[in-house]
Amino acid sequence: CSCSGREVNFCLRMGGKCDFLPSTMFWKFDLHTSSHLEALLDKEDVTLAELMDEEDVLQECKAQNRRLLQFLSQDQCMQELVRLITTEPPTGVEEVKRFKYSNIACELLTCDVGDINDKLGNEEPLLESLYAFLEQPSPLNPLLASFFSKTIGNLITRKTEQVLSFLRRKEGFLSLVLKHIDTSAMMDVLLRLISCVEPPPLRLETLTWLNEEKLAQRLIELIHPERDEERQSNASQTLCDIIRLSRDQANQLQELSQPDPLLAVLESQESVEQLLQNMFSREGTDSCIVNGIQVLLTLLEIRRPVVDGVMDAQGFERSYTVNSSILLAIQPHLIHFHQLLLQPPKRNPMLTTLGVLEEPFGNTRLHVARLVASLLYTSSSSHAVIAQELCRLNTMDLLLELFFKYTWNNFLHLQVELCVAAILRPCAHEMRLQPGLGSQEKSHLDLFQQCHLVPRILDAWEENDKIQSAGGMRRGYMGHLTRIANTVVHNLEKGPVHAQIGSLIAELPEDCRGRWETFVDQTLSETNRKNTIDLIGTGHLRPSSDDDMESPFPKELTLQQTFSDYQIQQMTANFVDQFGFNDEEFTDHDDSIGFVCLQANTAVFEACSKERIQPFDDEEEEDIWEEKEMSFATQTKSRKRSEPQHFFFEEFI
């Protein structure tokens, strides 16, 4: 077939396969349902390659075609399939076609058919052939490594006991996997062993075996300046995944009254100290420090990250409590992290859209800032030790200095904002652990006295106003500075430590205190009014209370959130109209989250998006199979009609 656009309709109506259309559309129109596989299987000398050349061989295998499965399950065929996924194909062939049979072989071996799984998992010669792939010298072909990983991973899930028994008899198994850890597919093999073994008693037995093989310690050893960056990165990512998976599975292992042995080692003070020693041994490289910090950040996760890294005060009862040994190991090295903020690894000047940046902030310092924010948010009885050391080092003052120095680095600005919020808004769980709040009061004192937070906010705001008045560009940190100011105001009014903050504000010099009051009453209030829309009389789109510590304005909604809810409400209204339900059938009158009045939202959006929403073409939808002349103009017109409409509210950005 070599159809032109006008001939497609005729070609498809005749039941053909049209080259003009993508292959994914063939199934809609192909009237030929008979398979060539049956004819091939009737041949006495049919080969595996002939069957693999058929387009529907994989579908027939998944459909449990008995004759095909009997052929594939033969010893010779299974050995050939394993050979294809573990041996480099001949060179001199086009790259697209070179790995064709290897890819098909992998799909056949992992299509989750019982006959193939049983054959591969129960026959030790086949497992030996598969295992031989690990014994090849480095580096492994990454594509073949992915085929191997997928195949062995499927066996770990489906033929767990047989495969684990085989692997545990191989003394050098873990060494070979770690030898090839620079190939990312090897990480998947380790994670399969940790996450896909059932039932829980067998999983605990597997974790105990991996712990006896010192998996955690050997991965930590790979995060070292002397190792190549790829090996360090993959080892770090594997450790992070092990920590998260182990914590997610902790509830199941609790039923056995035994802790996860791998997690226990990773959270031990000895392991964390070893990781930190590797990071700062000799002259730590960027890669080693960053990868090490990523592991520390994962250990410090009191619960899974949420949007924008913001962690509210709700849900801490269900959160994970950080082992105090982790913080005890980190505390002596805080001075090293502080020094990295002062003297980071040298970086070349960087050309940006705003000119040449002579001293880029760098990924290393950004990760240090993330670590400080995470430490301040950590809910643990050892938090006092960390807070006191950070106060002694005056780390928060240094971060605020960098906040204003790197005007356009919003990644840094977010972390500094989180640090300020953590100091001003201690969670209820932390306050119960520290009824005296001695370390928290010290942090408050440093933030307002040593770091001069309020004067810095006022000076930066006034400087930005001058720059904008002169026709300059608004400073890149102003959005985060607004949120920091709102955090101070909110916690001054009704935060859990509002009395301490109020006394610190009262101790400011009289002129500074007067400037702050004017700023809060006028400038900040006007900025918040412009940046938010008060949905008076439209109901609450989100629950709010006086205990809401995440937003200074719990009953106000940002424009983007309003637009999202508006779209949902419009779809709901269409659904109600179509099926004839009334509002009472969908509204829970006892719920604080109700449906918002559509008329009010419509008015809001008509005001915000006036002259920005282009009307849709009212022409009737055309028949795509109608025979007619195709031209560039009609294609453009059709595309224009099908493209989604975009809404831009530039004055709020």
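Select Glu-462. At a relative accessible area of 38%, Glu-462 is partly exposed; buried means under 20%, exposed over 50%, and partly exposed in between, with a 1.4 Å probe and protein chains only. This is a predicted model: local features need pLDDT of at least 70, side-chain atom pairs count only at pLDDT 80 or more, and totals for chains, interfaces and linings use all residues. Residues are numbered from 1 along each chain as its sequence is written, and side-chain values use heavy atoms, with hydrogens and water left out.

Glu-462 and Arg-515 form a salt bridge, with the closest N and O atoms 3.0 Å apart. The term covers a side-chain nitrogen of Lys or Arg within 4 Å of a carboxyl oxygen of Asp or Glu. The pair links distant parts of the chain, 53 residues apart: Glu-462 sits in helix H31, Arg-515 in helix H34 (residues 510-531). Helices here are DSSP runs (H or I, at least four residues), numbered from the N terminus. Arg-515 is partly exposed too, at 30% relative accessibility.

Now pick Glu-38, Asp-42 and Arg-67. Salt bridges that share partners join these residues into one network. The model's salt bridges number 28 by this rule.

Next, Arg-158 and Asp-112. Their side chains meet in a salt bridge at 3.0 Å, N to O. Arg-158 lies in helix H12 (residues 142-158), while Asp-112 is in the loop between helix H9 (100-109) and helix H10 (114-122), 46 residues apart. Arg-158 is partly exposed at 46%, and Asp-112 is partly exposed at 38%.

Move to Arg-247 and Glu-267. Are these two buried or exposed? Arg-247 is buried, at 14%. Glu-267 is buried as well, at 6%. Their salt bridge has its closest N and O atoms 2.9 Å apart.

Go inside. The largest nonpolar core has 161 residues. Such a core is a set of buried Ala, Val, Leu, Ile, Met, Phe, Trp, Tyr and Cys residues joined through side-chain atoms within 4.5 Å. Select Leu-215, Met-279, Leu-296, Phe-337 and Met-396, the residues with the most contacts inside this core. Then colour helix H28 (residues 410-424), which gives the most to the core, with 10 residues.

Leu-354, Trp-408 and Met-473 make a nonpolar patch of about 310 Å². Zoom to Met-473, in the loop between helix H31 (453-469) and helix H32 (478-494). Met-473 counts as partly exposed because its relative accessibility is 47%. Patch members have over 30% relative accessible area and no salt bridge; like charges are joined within 9 Å, nonpolar side chains (Val, Leu, Ile, Met, Phe, Trp, Tyr) within 5 Å. Accessible areas come from the Shrake-Rupley method with a 1.4 Å probe; for residues, only the protein chains shown count as cover.

Conventions. Helix = DSSP H or I, 4+ residues; strand = E, 2+ residues; numbered from the N terminus.
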